[in-house]
Amino acid sequence: MSPTPWQPAGTVYGVLLNFRHEYEQWQPRMQEAPYKAPPQAPVLYVKTANTWNPDGGTVEVPTGVAGVEAGATIGLVMGEHGPVACALLNDLSLPHASYFRPPVKFRCRDGFLGTPGQTVPLTALADLAALQLQVHVNGALRQTVALSQLMRPAATLLTEVNAFMTLRPGDVLMLGCDVGPDGHRPLLQAGDTVTLTAPGFAPLTHHIRTEALA
């Protein structure tokens, strides 16, 4: 009998602007209203439980949109005294014009967080900062995400988040999603198959299809 697929036991938090390329892309606009300054603390959002989508599942592209953006990331899974495991996750979203405070409807649609079959113990990863994630679409490599390019590495991000909120056992803190050289994440269309890979993790695969009519 195969093991029950892992699912988050608590709240899943994402963080914006945590990769250098993404931050630099938006930096010229950080002086604009309403914030008029760069963020001083991590900018978080929540991936609600309706988004959780196990390995091998399907993701629906709503009618009238260009596609769905892949978001390769690592989530730190919390234990009693800090992170105890890591999860390879696909933080999917609809394309949108701003990453400062994107509306929930872009990130929290049903099935918009690809979750793995199992997590990997933190102790099994020799150097998290050296990890590289790859996004393959229909077998072709479309993006490589290097955690060495994080604005706030995992330990720093965790410390800064803990300064203003409590992460409880079972919560997941994602490290962020990078953009490619064109300033965008890989765009997935109906009929595509997207697979995320990273050393030490099992591949994470999802199938993209057109949203079923009600």
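Predicted model: local features only at pLDDT ≥ 70, side-chain atom pairs only at ≥ 80, totals over all residues.

Biologist: OK, and where is the place of Leu17?

Modeller: Leu17 sits in the loop between β1 and α1. Its backbone has a positive phi of about 55°, even though Leu17 is not a glycine.

Biologist: Which other residue has a positive phi although it is not a glycine?

Modeller: Asn138 is one, with a positive phi of about 55°. You'll find Asn138 in the loop between β10 (132-137) and β11 (140-146).

Biologist: Is Asn138 buried, partly exposed or exposed?

Modeller: Asn138 has a relative accessible area of 49%, so it counts as partly exposed.

Biologist: How do you look for empty space anyway?

Modeller: Rolling a probe the size of a water molecule over the atoms shows where space is left empty.

Biologist: And how many cavities of 30 Å³ or more does the search find?

Modeller: One, across the whole structure. The space in the largest cavity comes to about 40 Å³.

Biologist: What classes of residue are in the lining of that largest cavity?

Modeller: Five nonpolar residues, one polar and four charged.

Biologist: Which helix gives the most to the lining of the largest pocket?

Modeller: That's helix α3, residues 154-162, with three residues. Ala154, Ala155 and Leu158 are among the pocket's lining residues, and so are Leu76, Pro83 and Ser148.

Biologist: Tell me about α3, then. Which of its residues are buried?

Modeller: Ala154, Leu157, Leu158 and Val161 are the buried ones. They span an arc of only 100° around the axis, so they are on the same side of α3.

Biologist: And what is exposed on the other side of α3?

Modeller: Ala155 and Thr159 are exposed there.

Biologist: What covers the buried residues of α3?

Modeller: The cover includes several strands: β1 (12-16), β2 (43-47), β6 (72-79), β7 (82-91) and β12 (172-174).

Biologist: New topic: Thr195. Where does it lie?

Modeller: Thr195 is part of strand β14, which runs over residues 193-197.

Biologist: Buried or exposed?

Modeller: Thr195 counts as buried because its relative accessibility is 18%, and the cut-off is under 20%.

Biologist: Which side chain does the side chain of Thr195 join in a polar contact?

Modeller: The side chain of Thr205, at 2.9 Å. Leaving out residues up to four places away in sequence, Thr195 also touches Gln134, Val135, His136, Pro203 and Leu204, among others.

Biologist: Last one, Lys36. Where is it found?

Modeller: Lys36 is in the loop between α1 (20-26) and β2.

Biologist: And is Lys36 buried or exposed?

Modeller: Exposed, because Lys36 has a relative accessibility of 55%, and exposed means over 50%.

Biologist: What does Lys36 touch, not counting residues up to four places away in sequence?

Modeller: Met30 and Gln31.

Notes:
Residues numbered from 1 in each chain as written. Heavy atoms only, no water. 1 Å grid on protein atoms, 1.4 Å probe; cavity = no way out; pocket = protein on both sides within 12 Å on 5 of 7 lines; lining within 4 Å. Points joined across faces, edges and corners; volume = space filled by probe spheres on them. Nonpolar A, V, L, I, M, F, W, Y, C, P; charged D, E, K, R; others polar. Helix = DSSP H or I, 4+ residues; strand = E, 2+ residues; numbered from the N terminus. Buried < 20%, exposed > 50% of the residue type's maximum accessible area, 1.4 Å probe, protein only. Polar contact = N/O pair within 3.5 Å; in protein donor to acceptor, adjacent residues only side chain to side chain. Contact = heavy atoms within 4.5 Å. Arc of directions from axis to C-beta.
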